[in-house]
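Welcome! Here is a short tour of a structure that may be new to you. Take a moment to look it over before reading on.

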Amino acid sequence: MSHSTYNQIWGDAEATITNLLVQEQPVDPPKPEKDRVTVFQTLATLYIKYVQIFRKLESCYDQVVHPQKRRILRQVLDGTMGRLLEVKDEMVNLEFSEFHYFDDILSDLKLTPNDIEIPIPQYFRQECKKVLKDREQLLSKILANMGPTSKDAVKDVKKMSVDEAIRLVQIHERARQGRLRAKFMREIRLEEEREKQAALRGAPTLDPDVAATRIQKVWKGFVQRKITRREREEEMIFIGMVPTAEVKTKKVQPQMLAKKTEVDRRVTQEDNEVEYQQALVTVKEKIRQVEGPDMKEMMQDQIRQWFIECRDATGKFPDYPDEEDGGSAILFKEKTPEEIEAELKNKEDDKGKKKGKKGKKSGKKSGKKKGKKSGKKGKKGKKGDDEQEEEPGWKMKESKFIPAVAEAHNGYEGVWKTRDESANFSQKHDVALIKEDKRVEVESEIRVQVDELMREELNNLKMALDRDKGKKGKKGKKSGKKIWMNEFIGDYSYLGTTLRLADIEPMPSLSDVRQLVSLYGVLPLGSQFVHENMPQIKSLLLAGPRGVGKKMLLYALCTESGANLFDLSAENIAGKYPGKSGLTMLIHMVTKVARQLQPSVIYIGDAEKTFIKKAPKGDKTDPKRLKKDLPKVLKGFKPEDRILLVGTSRNPFDAELKPFVKTYEKIVLIPRPDYASRFILWQRLISQHGGLITNYLDISSLTKITDGYTQGHIVEAVKYILSERRISQLPKKPLTAVEFVSPLARIDPIYKEEEEAFKSWFGKTPLGKKRAKLAKGGDEDEGGGGGGKKKGKKGKKGKKKK
């Protein structure tokens with residue numbers, strides 16, 4: 001896309017922000033809302049709009065090459081991310097659920113689930129490539145110096161002599177030749193048997209014309225079926241139901257070209273940024289050389305004029321403002337009416353102080369009496385305010401990100417919205433804007449020099465004046481493999497709202513899981529501004545049965561945010577840093593390095609073992625080793641520390657519930673894939689591993705019979721079937737659904753009872769209990785009104801007093 005296209009997308013996003021700011025910053029404070037459904041509709045609509053703005057701004061910031069525009073875009077992008085997380089937090093507190101369904105709202109807004117997919121900002125990785133590369137080299141050097149650990153030590157392997165190696169090769173080669181010879185002999189014997197049987201049957205008794213007719217019939221039928229099949233395929237291609245190799249080639253080519261264009265634009269961004277940084281230096285130096293002398297002379301003239309005006313008004317030269325107060329800059333500062341009024345009041349106070357001692361004493365006494373009276377009035381006023389209780393209902397919390405969004409939006413409105421850039425084809429930096437900023441910097445630097453000169457000149461003038469009067473002058477005061485989030489494949493849940501209306505709590509979809517990990521993990525870790533201002537999330541638990549992709553999400557989280565991974569799983573730290581002092585040292589080192597190398601993720605696999613009710617006998621990993629220290633580590637995380645504790649668990653019900661859920665404040669339940677997700681999985685995985693999807697492969701039936709199998713099971717089956725030999729046979733022997741049944745039959749699926757166990761366990765967590773209570777309709781005031789019950793009690797007490 002062109003520069004103007006991205007400018008238009010940015011303009012559309014800013015227009016939406018204009019409308020939202022009117023809603024977010026009303027002139028009159030809104031009244032509390034008591035209807036929970038209305039509140040959720042408001043929040044959901046707000047959430048969807050912010051996601052759409054986020055998607056537009058992220059694509060613009062990734063592809064806009066103008067360095068000055070990117071700075072405004074970055075500010076509004078970070079503010080939008082933070083506000084999105086705030087709205088998500090409001091929705092969780094309202095519905096007591098991490099998962100929300102917007103299918104009805106999406107239908108009303110004419111949107112698709114892809115329109116609310118959370119994008120991962122590219123700048124998380126692009127802007128810290130050099131840091132990550134240097135860090136990777138540093139870690140590689142450290143690991144190389146440490147040498148192999150006891151776990152990874154290479155066992156001594158007995159070296160094989162040349163004669164033994166030759167003998168081994170000869171054995172295998174003879175065996176191969178023997179198998180080949182046996183195959184040929186078997187074919188020869190079968191041919192001889194066929195000839196014997198033909199000889200026993202004798203000469204053919206069939207009439208030659210009849211035989212020829214039969215042959216023609218079979219051949220014509222074969223040819224006609226082939227023609228019919230080809231015509232059917234052409235018809236399906238014509239109506240767009242079947243992709244062909246030609247269509248795929250046409251589609252892939254523009255996509256590759258678009259990808260190349262995106263990469264080229266990122267290179268152009270870096271080049272333009274380098275030029276912009278150089279321009280900041282050269283323009284500033286040019287302003288200092290060309291405009292600096294005029295600025296210096298003008299400042300000196302203004303200050304000298306101030307000297308003369310003060311001397312004429314008061315009869316003496318004034319005191320020069322101190323450097324801490326801003327120097328001479330405060331003399332020519334444009335003052336607001338409020339500041340002028342404050343200065344007038346200060347002057348009146350100074351006149352009052354010059355009165356006699358009697359006036360001072362009487363003023364003190366009268367002031368004390370007035371103060372006591374006003375204090376009593378204030379107390380009465382407080383009591384009155386306490387008696388007036390707030391109305392029950394829901395109110396939006398004050399946002400920490402809206403001011404940042406509004407500031408960036410005003411910057412766009414004031415500078416870029418109406419700026420004519422028709423001549424700036426290459427989207428280089430704007431020199432006029434640099435001059436405006438650098439002129440202020442140069443003026444501040446020159447003012448410091450001028451202040452020093454004029455301060456000395458003022459002292460000389462005072463000394464000269466004092467000499468004339470015969471007075472003495474006064475002295476002045478002095479990676480492993482990178483995994484991306486979009487590789488976690490899963491479709492949107494289209495029946496979530498319908499099921500909830502039917503009082504059925506649905507399991508979250510894989511699309512919901514992917515978005516939650518992006519919201520709670522990637523976005524806060526990727527942006528320091530967002531992490532410091534959002535409701536802090538210190539820990540995250542990924543719970544689900546085997547093979548659903550818990551570790552994949554962990555690695556994707558680290559890859560997308562550029563975070564370092566510290567593995568504190570019981571198996572990984574077993575036997576290391578023994579004793580209490582050793583464990584203290586281990587935790588100290590990990591947290592210290594994690595703070596230095598932010599963003600960081602501290603990982604604990606099989607997290608339930610840390611809080612297991614009873615450790616199994618013979619377990620040498622000491623799983624409960626971190627039980628007491630883990631909560632202390634979390635307490636030490638501050639908003640400025642971009643560190644996240646991530647645990648994975650396939651048996652969360654084995655742990656003690658209370659300390660477990662207290663440690664992991666955000667719990668993401670990952671279910672087995674539903675029909676829609678499995679359908680996409682089969683398609684994507686077969687294509688990624690070299691397979692071809694044809695009419696012979698019934699993916700719909702394959703998806704139906706694999707109900708209960710997880711992503712890991714499907715990957716295992718695809719890898720097993722699509723070997724190099726099978727891929728080479730695809731042109732002659734297309735894939736069929738039956739082939740994948742055999743490897744899947746050897747794997748135990750995830751039965752519904754196991755999934756229900758996870759659902760039942762989640763229902764015992766604090767959020768699950770609140771959600772269940774809300775579903776029964778027993779906690780409406782607490783959820784919708786934010787403590788409405790307590791306020792109701794206060795209201796009753798107030799009535800009794802009256």
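## Buried rings

A residue counts as buried when its relative accessible area is under 20%. Trp761 has a relative accessible area of 4%, so Trp761 is buried. Phe660, at 1% relative accessibility, counts as buried because that value is under 20%. Keep in mind that this is a predicted model.

## Aromatic pairs

In total, the structure holds 16 aromatic pairs. One of them is edge-to-face: Trp306 and Tyr320 lie 6.4 Å apart, centre to centre, with 80° between the planes. Trp306 belongs to helix α10 (residues 292-314), while Tyr320 sits in the loop between α10 and α11, 14 residues apart. Both Trp306 and Tyr320 are buried.

Phe660 and Trp761 form a tilted pair, at 6.2 Å centre to centre and 50° between the planes. This pair links helix α22 (residues 657-663) with helix α28 (residues 752-763), and its members are 101 residues apart. Ring pairs also bring Phe611 and Tyr664 into a cluster with Phe660 and Trp761.

## The sheet

Next, look for an open sheet of five strands, paired in parallel in the order β2-β3-β4-β1-β5. β2 (564-567) and β5 (666-669) stand at the edges; each has a single partner strand, so one side of each is left without a neighbour in the sheet. From one strand to the next, the twist averages 25°.

Four bridges join β2 to β3 (residues 600-604). Asp567 has Tyr603 in β3 as its bridge partner.

## Charges over rings

Finally, the charged end of Arg70 sits over the ring of Tyr61, 4.2 Å from its centre. Arg419 lies over the face of Trp416, at 5.9 Å from the ring centre.

Key
Residues numbered from 1 in each chain as written. Predicted model: local features only at pLDDT ≥ 70, side-chain atom pairs only at ≥ 80, totals over all residues. Heavy atoms only, no water. Pairing = 2+ DSSP bridges. Helix = DSSP H or I, 4+ residues; strand = E, 2+ residues; numbered from the N terminus. Axes fitted to C-alpha atoms, helices over the stretch in contact; angles between N-to-C directions. Phe/Tyr/Trp six-rings, centres within 6.5 Å; stacked < 30°, edge-to-face > 60°. Buried < 20%, exposed > 50% of the residue type's maximum accessible area, 1.4 Å probe, protein only. Lys NZ or Arg CZ within 6 Å of the ring centre and 35° of its normal.
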